Amino acid sequence: MATTNQLGIDVEKYKYGFFEPENYIYKARKGLNAEVVAMISQMKGEPDWMRAFRLHAYEAFLAKPMPTWGADLSTINFDDIYYYIKPTEKPAESWEELPEEIKRTYDRLGIPEAERKFLAGVGAQYESEVVYHNLKEEWERLGVIFLDTDSALREHPDLVREYFGTVVPPEDNKFAALNSAVWSGGSFVYVPAGVKVDIPLQAYFRINARNVGQFERTLIICEPGSYVHYVEGCTAPVYTTDSLHSAVVEIIVKEGARCRYTTIQNWSTNVYNLVTKRAVAYRDATMEWIDGNLGSKITMKYPSVYMLEPGARAEILSVAFAGAGQHPDPGGKVIHAAPHTQSVIVSKSISKDGGRAGYRGLVKIYPGAKGSRSAVRCDALILDERSRSDTYPTMEIDEEDVSITHEATVSKVSDEQLFYLMSRGIKEDEAMNMIVRGFVEPIVKELPLEYAVELNRLIALEMEGSVG
Amino acid sequence: MADLEIKDLTVQVEDRVILKGANLAINKGEIHALMGPNGSGKSTLANVLMGNPFYQVVRGEVLYKGEDLLAMPPDERARKGLFIAFQYPVSIPGVTMASFLRTAVSARRGYDKELMPVGEFQRLLRQKMEELRIEPSIVTRYVNEGFSGGEKKRAEILQMALLEPEIAIMDETDSGLDIDSVKIVSDGVMRMYEAAQGGMGILVITHYSRILHFIKPSFVHVMFDGRFVVSGGPELAEELEQAGYEGIKAQFEVIAAEVAHEGAVRRAGKVFWVVH
């Protein structure tokens with residue numbers, strides 16, 4: 001494998017799978033009950049309404065059934081998970097203040113360097129609480145707020161209270177309820193009217209303890225005419241016990257605003273990744289989800305956009321990679337609830353070594369959403385005979401005057417393509433890599449440079465040993 | 001021993017035998033032309049030499065610089081200097097020409113852990129594209145995707161120029177090209193040939209003698225029904241241009257009938273026929 005990639009960026013520093021010794025000030029016990037939920041709220045010194053919200057959500061969690069569709073979730077043991085770990089007493093103000101161990105972990109992930117180059121602000125989640133946060137001064141002047149959600153709750157309680165749980169209520173599904181009860185960390189982003197944040201906001205985080213459920217909660221509010229691109233990347237070290245990641249992301253995109261949310265995930269292969277991501281888009285607003293799913297044992301994640309007013313637009317691009325024992329079940333949902341709304345869904349999945357990847361999606365058009373358009377495209381690439389791909393597109397169209405297209409392809413890496421590349425001196429494994437990279441290129445080219453590089457690198461890692 | 005030596009090569013696809021004992025020797029510094037009607041096995045020969053897994057070699061051998069070519073995977077053949085300009089190049093969606101070409105050139109030049117330095121590669125690429133009059137914008141497009149017939153053929157010759165082969169096979173590079181393009185491509189090939197100073201041998205596979213006015217072969221071979229039926233000098237190409245393949249075919253049928261009857265090696269006119 002090359003040590004530098006085609007762009008000349010050193011990829012050796014992107015080494016995953018290492019871990020640091022656990023050294024926590026406080027560690028909650030395993031399992032969950034109302035007492036633990038109340039304690040989390042108390043430890044954080046939260047206002048009463050949030051404690052009530054959490055306890056209410058816990059009730060909903062108990063009442064909600066497990067999903068009976070999608071991937072097999074029967075092996076999750078809710079009693080064998082830590083729901084809250086507090087790594088340091090208060091968020092650090094600067095890089096230097098971080099504990100040595102955490103710094104080392106982030107050094108290996110290349111955070112400070114990345115920041116120097118590209119990042120405008122970093123919210124890095126280590127365990128359950130954001131410990132490092134930095135926002136460029138000019139944005140503060142513009143009134144942009146980029147904080148971990150716990151800090152936002154303390155510093156901007158009214159703003160948080162106005163929007164929290166309005167897009168994804170606790171009753172939405174069992175895992176949204178769980179998150180609502182025990183959430184910790186995540187990002188809070190507020191972009192005032194007319195402000196365009198031209199450099200992506202990035203949060204880089206990873207799970208680093210056994211059986212730690214990560215329940216981060218992200219809330220993004222784009223006031224009219226604003227623009228923001230939020231990027232999250234996750235990598236997890238390899239552990240043998242099962243982990244649960246269940247996040248909730250809520251986004252409000254107001255009139256004429258545009259929000260892009262990019263995720264590149266590489267959970268270790270024992271992680272259950274069950275995430276509820278939803279945005280509401282108002283008049284002429286645009287919401288874009290870009291979602292790269294690598295790693296994890298099971299991923300169920302269907303970023304959604306509710307287009308509530310005329311002219312709203314949605315775009316959902318996703319990549320999933322399933323290796324041995326993995327079952328990503330990604331997809332997307334677009335809800336056309338107003339006339340002249342537009343949506344595009346592009347899904348690319350790759351499966352190998354008996355992995356199972358697919359697409360599950362919903363296009364819903366309400367009566368009266370005249371002149372709306374939706375285009376769905378799902379491409380699956382299957383690398384060997386043992387692997388499979390499933391596509392479950394659902395269309396609920398209750399309006400005549402609309403244009404809907406759906407295209408699905410399933411392909412195998414063709415011998416002709418491999419032969420062509422090899423006839424130019426390229427080795428078989430590299431040829432296979434090139435074909436796979438080409439397959440996901442339509443998504444990768446939408447990513448910020450660093451993340452494009454990283455996704456290609458992660459795919460190369462996943463592909464190792466796939467040519468026997 | 002010749003640099004490329006094909007002996008009694010017999011090849012089938014599924015149950016159909018396509019090459020029926022082909023023999024040919026090519027040296028670096030030589031230009032050979034291989035002609036013959038559609039379906040005579042010309043492209044099969046080219047693909048088998050490059051290692052296309054679609055074809056099964058059932059008998060015979062191919063020695064490349066004294067080594068067993070058929071035992072090597074295609075990438076090894078290419079790195080050792082064998083090249084084919086395909087008749088129907090496949091497209092690789094999402095992979096840019098620039099990335100593909102740099103990876104290929106790096107492999108051919110023996111870079112193992114990393115790629116050839118960007119600056120050096122781009123200078124090389126720019127020079128070759130100018131020589132072949134290829135639009136620079138081609139490098140940002142995906143490999144062969146949406147290329148016109150002519151663009152595909154030129155892109156193949158661009159690869160040939162970049163990879164600097166020792167033995168190059170051009171499989172009907174002229175088909176689908178207008179006469180101006182044939183000239184540009186041929187001039188480019190001749191420049192490579194001359195620059196190599198005897199270091200490059202070429203096998204030009206073609207239906208028509210048109211391209212042979214620009215790439216002048218010293219040896220012309222005609223293939224018919226999976227066998228080389230006649231070999232000669234450049235005048236053979238002229239003859240074919242006048243008489244077409246019908247003349248050859250008529251002679252071939254006479255001889256084939258006699259051979260079937262007598263089971264012997266026969267020769268009549270320019271056609272010969274060897275029974276194995």
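**Two packed helices in chain A**

Guide: H2(A) and H8(A) cross in a left-handed way. The model is a predicted one. Two packed helices are described by the angle between their axes and the distance between the axes. Here, helix H2 covers residues 48-63 of chain A and helix H8 covers residues 174-182 of chain A; they pack at an angle of about 150°, and their axes lie 7 Å apart. Angles over 145 degrees count as roughly antiparallel, so H2(A) is roughly antiparallel to H8(A).

On the side of H2(A), the residues that make the contact are A:Phe53, A:Arg54, A:Ala57, A:Tyr58, A:Ala60 and A:Phe61. H8(A) contributes A:Lys174, A:Ala177, A:Leu178, A:Ser180 and A:Ala181. Sorted by class, the contact of H2(A) with H8(A) has eight nonpolar residues, one polar residue and two charged residues.

A word on confidence in the chain that holds this pair. Chain A has an average pLDDT of 81, and 77% of its residues score at least 70. Over residues 205-212 of chain A, pLDDT stays under 50, although the model has 33 contacts beyond four places in sequence for this stretch. Residues 236-240 of chain A are also below 50 in pLDDT, with 18 contacts in the model beyond near neighbours in sequence. Where pLDDT is low, the predicted coordinates should not be read in detail.

Definitions and conventions: Residues are numbered from 1 along each chain as its sequence is written. Chains are lettered from A and ligands numbered from 1 in the order in which they are written. This is a predicted model: local features need pLDDT of at least 70, side-chain atom pairs count only at pLDDT 80 or more; totals for chains, interfaces and linings use all residues. pLDDT is the predictor's confidence in each residue, from 0 to 100. Two residues are in contact if their C-beta atoms, placed from the backbone, lie within 7 Å. Axes are lines fitted to C-alpha atoms, for helices over the stretch in contact, and angles run from 0 to 180 degrees between N-to-C directions. Helices (H or I, at least four residues) and strands (E, at least two) are DSSP runs, numbered from the N terminus. Angles under 35 degrees count as roughly parallel, over 145 as roughly antiparallel, 65 to 115 as roughly perpendicular and the rest as oblique. A crossing is left-handed if the near helix is turned anticlockwise from the far one by less than a right angle, and right-handed if clockwise. Ala, Val, Leu, Ile, Met, Phe, Trp, Tyr, Cys and Pro count as nonpolar, Asp, Glu, Lys and Arg as charged, and the others, Gly among them, as polar.
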